Amino acid sequence: MSTKDQLLLYLRKNQGNWVSGELISNNLSVSRAAIWKHIQKLKEEGYIIESAPKKGYLLSKDSDPITADEIRKGLCTKVFGKQNIIYLKETDSTNTRAKELAAEGAPEGTLVIAEKQTKGRGRRGRNWFSPPGDGIYISLILRPAISPGETPRITLMTAVVLAEALISLMKLKLSIKWPNDILVNGKKLAGILTEISTEMDAVNYIVVGLGLNVNTRFENFPQEIKKSATSILIETGNRAPRIKLIQKCLKLYEQYYDMFKKNNFEPIMNRWRELADIIGKQIKVDVIGKTHIGEVVDVDNDGVLILKDDQGMLQRIFSGDVTLARQLNLN
Ligand code: BTN
């Protein structure tokens, strides 16, 4: 283990408490000057470390930087995030970066992750609020042997993976909002942006982008999304460990993706339906230039929403923004 890693381990054991430079120096058998140098490196990597004369060093309890090393430590996947983790302190959009890498031939399982996005992108041309330190912004490169028409299934599967990771680690009561938002108490906690490159009738690659509001405080959300967005911190009152969440998502992703590749999509879709709880509900769907109102009959295995309008006609809707009838006062 490198001196820097030993130092980090030592600080971790004492996280939230001051440890003197002398004590660290004796324990690790390195000079105090060397310790100072490694502390500076750790700070550059994003660790929050205070230093004070006579007190020494303190690794803040809130220190939770995302680095490729932190993700790799304890990650038990075979492909996802195992070979290629591209960590960027700041980028415009991890999806944009991942698409470039995929076009250059980056392998399946490549993970692009950023601490901050300056042009985080959401569905339908929207922005994704991506401040540093508080969120998870990742994009995964997939190369499944499927036809372009099957790609919505990847988005449905991703929503299930994200939901399961949040339920198991954070015990959140959440729901999936069609097509792919994760909501808690009616507010958006996470979103998924799937982008695809096709050639003839085959998929070249798929980039799945995941944005999760982890430790964002209410007052830090921009005014325009204050009413509609939430974070794990807001919902639970506690900061959540971003690295653990990323590792859990990657682990589950691999499991679900294996099922998907074995054509075992039915259980994934059933779980999606359970988590979405939308079948039989009266809804309004805004599609570009059109609004549909009706009862949800089903969401099929391709993620298409089947809506029965008040004339009893069935509409197949591929994408849009859903509002529940009780929010519209239709019932
Ligand atoms: C949405 O709900 O509108 C989708 C939001 C997706 C945001 C993520 S953050 C990581 C990845 N990079 C992006 O630019 N967007 C996705």
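## A tour of the cores and the ligand site

In this predicted model, begin by selecting Ile-71, Leu-166, Tyr-253, Trp-272 and Leu-305: of the 67 residues in the largest nonpolar core, these touch the most other members. Next, colour helix H6, residues 151-170, which gives the most to this core, with 11 residues.

Return to Leu-305 and display its surroundings. Leaving aside neighbours within four places in sequence, Leu-305 is in contact with Trp-178, Ile-278, Ile-283, Val-285, Val-296 and Val-299, and also with Asp-298, Gln-315, Arg-316 and Ile-317.

Now centre the view on the ligand. A total of 20 residues surround the ligand, and the closest are Ser-93, Gln-117, Arg-121, Arg-123 and Lys-188. By class, this shell comprises six nonpolar, 10 polar and four charged residues.

Proceed to Gln-117, which places a polar side-chain atom 2.9 Å from a ligand nitrogen atom. The protein covers 99% of the 420 Å² of accessible area that the ligand has on its own.

Finally, select helix H5 (94-103) and strands E6 (135-142), E9 (187-199) and E10 (202-213), the elements that give two or more residues to the shell around the ligand. Strand E9 supplies the largest share, four residues.

Technical notes
Residues are numbered from 1 along each chain as its sequence is written. This is a predicted model: local features need pLDDT of at least 70, side-chain atom pairs count only at pLDDT 80 or more; totals for chains, interfaces and linings use all residues. Side-chain values use heavy atoms; hydrogens and water are left out. A residue is near a molecule or strand if one of its heavy atoms lies within 4 Å of it. A polar contact is a pair of N or O atoms within 3.5 Å; within protein, one must be able to donate a hydrogen and the other to accept it, and residues adjacent in sequence count only if both atoms are side-chain atoms. Accessible areas come from the Shrake-Rupley method with a 1.4 Å probe; for residues, only the protein chains shown count as cover. Ala, Val, Leu, Ile, Met, Phe, Trp, Tyr, Cys and Pro count as nonpolar, Asp, Glu, Lys and Arg as charged, and the others, Gly among them, as polar. A nonpolar core is a set of buried Ala, Val, Leu, Ile, Met, Phe, Trp, Tyr and Cys residues joined through side-chain atoms within 4.5 Å. Buried means under 20% relative accessible area, exposed over 50%, partly exposed in between (1.4 Å probe, protein chains only). Contact means heavy atoms within 4.5 Å.
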